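Biologist: Could you walk me through the charged side-chain contacts here? I'd enjoy going pair by pair.

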Amino acid sequence: MSLASIRRLAAGAAVIAAASGGAVYLSPSVASSDKGGGPILDSLRRRLGDPTASVPSRSAQESALIAATASDPLDVLVIGGGATGSGVALDAVTRGLRVGLVEREDFSSGTSSRSTKLIHGGVRYLEKAVFNLDYGQLKLVFHALEERKQLIENAPHLCHALPCMTPCFDWFEVIYFWMGLKMYDLVAGPRLLHLSRYYSAKESIELFPTLARKGKDKNLRGTVVYYDGQMNDSRLNVGLACTAALAGAAVLNHAEVVSLITDDATKRIIGARIRNNLTGQEFNSYAKVVVNAAGPFCDSIRKMIDEDTKPMICPSSGVHIVLPDYYSPEGMGLIVPKTKDGRVVFMLPWLGRTVAGTTDSNTSITSLPEPHEDEIQFILDAISDYLNIKVRRTDVLSAWSGIRPLAMDPTAKSTESISRDHVVFEENPGLVTITGGKWTTYRSMAEDAVDAAIKSGQLKPTNECVTQKLQLLGSYGWEPSSFTTLAQQYVRMKKTYGGKVVPGAMDTAAAKHLSHAYGSMADRVATIAQEEGLGKRLAHGHPFLEAEVAYCARHEYCESAVDFIARRCRIAFLDTDAAARALQRVVEILASEHKWDKSRQKQELQKAKEFLETFKSSKNAQFNDGKHN
């Protein structure tokens, strides 16, 4: 870190402050945050806040898609049930449009469940904005900050602020990072989660006991802590899909687009041929506009029209590992902005464990990406430089790889246009493709895509976008203290091995988990645990209950064992071996809910075991926190 760097940082701060005229924290789009109809929002909030509300059945959703004929089409058909696709469906349906969504696997089955779990506020864009005096980068910071704050407010049970610590082994680093983050506080303004601050070396060790006191032959001089957002990504994605369904969209997972339908006269895309992957049956669904939000697979949708079309996706692999909770204290993350080889490395507390990462390397597009052993080892080596404990491969409870769909402008002549921002593109009439971007900005990406779809199909929405102020299912009436009501009012009725049903306490760990995973819908899960004898834990050392399997099958379109262990509950990502132990019971409950025969149960077990093999845990890793029975 050089003195020149600090001077540039100070100069950049002055330039930004002067250019802003004192209003640096206001995003250009904030004035439109209250746009849209008040009565529309009020009606939606009543529907979503109804404690007895239930999403339409899967068969009803499929029937609605089949009913969209050439003479009576949907306004918008969305392909892809990740964060962006689900966001598009929610945005479009809340504008009064007739909407369908199909997803080949499950909601959040791809990139959206394999994220860093952070809701980034764009702190790295600020550094580029300052050093390059780039107003475009500054706008990205405004945008990320606004979307981050809104996302946390719209799903408070699934999102929260997380303090992140950056260790400094040099006084220049202390000054540089402190000045940079104070500028970040200024830029954030009313969208600030909490003020950043400096902690001395002694204070830092108290806050983060496993932090190394020495690094690179230098003593720790202190740490600078700032706040970012954290989320339960796949549960947030499922919440988006279910919110869209309650608002009137026909959403269907395990439904694959096998071909696009083109009007012979106009050559416009007017729908899709869809296969229900659970039954094998195929049907047509027609729409005025089709939105391609298939993430890393959006090129495969585009190639259904033209096999020779130029790719938009430059896939990048991001590997993460999960370690026991003692690697990081609860409520404090560790972020190293630049390791010795120039990468960003982090360790974050997440759902009672520690998630660490990440890598950024070229990859091929596959439906089940697997982390390579050298990538896992890179993360272990990188974090060991900043810890005072031994970092062991045997501690890895789970490891996964996600594909970032970095977007290229298909008309560009070089790869220099590869972007971490999003791209909306209508290459063929009637087919709007949205790709790139990141989890934090999914809502505004969806807004841009729906705007493009309205223009393409000359659609007539009843109101403007309202998603900025629309809370998701489970948010209404939820408070951080809601778990106490669960702990006080419910018991967990458990079946013993002998078949006898006995009561158990709805302890704090189970109550907190249910409250944060399901929000105001947690009472319904607790009721199943109490009244149907499904109060037992699925795996020792984890708070997940049998009742959740039944609830997700009835109310969250959970159609397979993998849907549950990977996305409705996060046990596959947190502890792969524990997920394998829970599998038999998960299949038994789903079989009871969905009326599976023995053959289907066997098939589900096999598929789930194959899925878990892609999570490279250490079979020797044994983690028992001793808190749960």
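This is a predicted model: local features need pLDDT of at least 70, side-chain atom pairs count only at pLDDT 80 or more; totals for chains, interfaces and linings use all residues.

Biologist: What is the N to O distance between glutamate 593 and arginine 554?

Modeller: Their side chains meet in a salt bridge. The pair links distant parts of the chain, with glutamate 593 in helix α19 (residues 576–594) and arginine 554 in helix α16 (residues 546–555), 39 residues apart. The N to O distance for glutamate 593 and arginine 554 is 2.9 Å.

Biologist: Is arginine 554 buried, partly exposed or exposed?

Modeller: Buried would need under 20% relative accessible area, and exposed over 50%. Arginine 554 has 34% relative accessibility, so the class is partly exposed.

Biologist: What is the relative accessible area of glutamate 153?

Modeller: Glutamate 153 forms a salt bridge with lysine 149 at 3.8 Å, N to O. The two are four residues apart in helix α6 (residues 135–154), so they are separated by about one helical turn. Lysine 149 is partly exposed at 21%. Glutamate 153 is also partly exposed, and its relative accessible area is 37%.

Biologist: How many salt bridges does the structure hold?

Modeller: The pairs above are among them. For the structure, the number of salt bridges is 33.

Terms used: Residues are numbered from 1 along each chain as its sequence is written. Side-chain values use heavy atoms; hydrogens and water are left out. A salt bridge is a side-chain nitrogen of Lys or Arg within 4 Å of a carboxyl oxygen of Asp or Glu. Buried means under 20% relative accessible area, exposed over 50%, partly exposed in between (1.4 Å probe, protein chains only).
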